[in-house]
Amino acid sequence: MINYFYKINRHLHKLYKYKSKSELEIHTQKILKDRVATLALATDSSTQWLEFQKKLITHIKNEDPINFLNWDVIRETMFYRGHLDEYMHIKNSINWEKIKKNINEDRVGRPEPFLLYRKSSGNLIHCAYELDVIINILNIEIGSINSIFEFGGGYGSMCRYIYRYGFLGKYHIFDLAIFSMLQEYFLSNTSLENIKSGNISLIYKQENLSDINDVDLFLALWSFSETPLDFRNNILDKLPNAKMYAIGYQEKYYEVDNILYFDMFKKLKPNYEWTEVELTHEKGSKFLIGKIPSH
């Protein structure tokens with residue numbers, strides 16, 4: 001029954017035609033289209049992500065990004081439609097009042113409203129759910145840390161939400177070039193002050209990772225686990241050890257056994273205190289969260 005209402009919600013959203021654009025949207029869309037026009041594909045990604053790059057580049061070149069959150073390639077890869085369990089989790093969280101103030105959606109990309117809380121979207125509620133799980137297990141205030149490194153930042157939604165939630169430090173996102181450009185477009189329309197100040201660093205060249213000297217939180221939500229093993233190791237070798245790790249992963253990704261990989265990951269970091277949480281509403285998915293214990 002719930003799927004029926006999701007379909008109705010989706011259909012009604014498609015019928016609504018957004019026409020007006022802000023001057024900032026117009027300006028940033030031109031920058032996005034100009035940059036993508038000469039972009040080469042990142043061929044060191046998996047076969048699946050190579051196809052996603054091609055689809056996204058085609059959309060940006062040929063369509064109006066005003067509705068980019070409704071493109072199929074975005075909905076398949078980085079726009080979560082939402083889940084009742086996640087909504088009930090944040091509603092019942094001790095942090096609900098703070099969460100509620102920070103989950104009203106922006107209009108950029110024209111996100112589909114979440115069926116049960118139409119001020120927000122399923123994906124922004126998903127970000128709120130993920131962050132709530134992470135900070136509760138780590139027992140931290142997000143404003144108390146200075147630097148975050150996110151591996152695979154989607155279109156920038158988690159970065160936007162973490163700043164809203166009280167983060168004031170440096171936020172690095174490492175991703176494929178096409179997604180870095182999409183993040184710049186989205187965050188320029190939602191977190192412009194942090195873009196202008198240089199607080200947000202969008203990185204797509206591995207050689208630039210050596211410029212990062214300190215990482216408080218390494219964040220990778222269903223991203224690190226979707227990359228080839230050699231690529232994962234190359235990234236970790238170029239970064240300083242983080243004080244804390246928060247990784248969302250699926251147990252198996254094509255031929256890669258992520259349970260085996262992350263068991264070894266934990267063994268290579270024996271001085272960390274690790275917690276694993278299984279997502280009951282997403283079979284085969286887990287959080288792996290760790291920190292160096294304070295004495």
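**View 1. Gly166 and helix α8 in a predicted model.** Just after α8, Gly166 takes a positive phi of about 125°. The model shown here is predicted. Helix α8 spans residues 157-164. The helix is mostly covered, with 7 of its 8 residues buried. The buried residues of α8 are Ser157, Met158, Cys159, Arg160, Tyr161, Ile162 and Tyr163.

**View 2. The open sheet.** Strands of a sheet pair through backbone hydrogen bonds, either parallel or antiparallel. Here, 7 strands form an open sheet. Follow the order β5-β4-β3-β6-β7-β11-β10 across it. The pairing is mixed. The edge strands are β5 (200-203) and β10 (273-278). Each edge strand pairs on one side only. On average, neighbouring strands of this sheet are turned by 15° against each other, direction ignored.

View 3. Strand β4 covers residues 170-174. It is joined to β5 by 4 bridges, and the two strands run parallel. Look for Phe174, which stands opposite Ile203 in β5. Helix α9 (residues 177-190) lies across both β4 and β5. The direction of α9 is at about 155° to that of β5.

**View 4. Gln53 in helix α3.** Gln53 lies in helix α3, which covers residues 47-62. Its relative accessible area is 2%; the cut-off for buried is under 20%, so Gln53 counts as buried. Which residues is Gln53 in contact with, leaving aside its neighbours within four places in sequence? They are Leu41, Ala42, Ser45, Leu176, Ile178 and Phe179. For Ala42, there is a distance to note: its backbone nitrogen lies 2.9 Å from a polar atom of the Gln53 side chain. Now pick out Asp211, 158 residues from Gln53 along the chain. The C-alpha atoms of Gln53 and Asp211 are separated by 26 Å.

View 5. Arg110 has a phi near 55°, a positive value in a residue other than glycine. Arg110 lies in the loop between α6 (96-101) and β1 (113-114). Tyr254 is not a glycine, yet its phi is also positive, at about 55°. Tyr254 is found in the loop between β8 (252-253) and β9 (256-257). Is Arg110 buried or exposed? Arg110 is buried, with a relative accessible area of 1%. Tyr254, at 55% relative accessibility, counts as exposed.

**View 6. The nonpolar cores.** The largest nonpolar core has 66 residues. Inside this core, the residues with the most contacts are Ile74, Ile103 and Tyr171. Helix α7 (residues 122-138) gives the core its largest share, 10 residues.

**View 7. A closer look at Ile103.** What does Ile103 touch, not counting residues up to four places away in sequence? The list is Ile90, Trp96, Tyr117, Lys119, Ser120, Leu124, Ile125, Ala128, Tyr161 and Arg164. One of these, Tyr161, is a buried residue of α8.

Key. Residues numbered from 1 in each chain as written. Predicted model: local features only at pLDDT ≥ 70, side-chain atom pairs only at ≥ 80, totals over all residues. Heavy atoms only, no water. Pairing = 2+ DSSP bridges. Axes fitted to C-alpha atoms, helices over the stretch in contact; angles between N-to-C directions. Contact = heavy atoms within 4.5 Å. Buried < 20%, exposed > 50% of the residue type's maximum accessible area, 1.4 Å probe, protein only. Polar contact = N/O pair within 3.5 Å; in protein donor to acceptor, adjacent residues only side chain to side chain. Core = buried A, V, L, I, M, F, W, Y, C linked by side-chain atoms within 4.5 Å.
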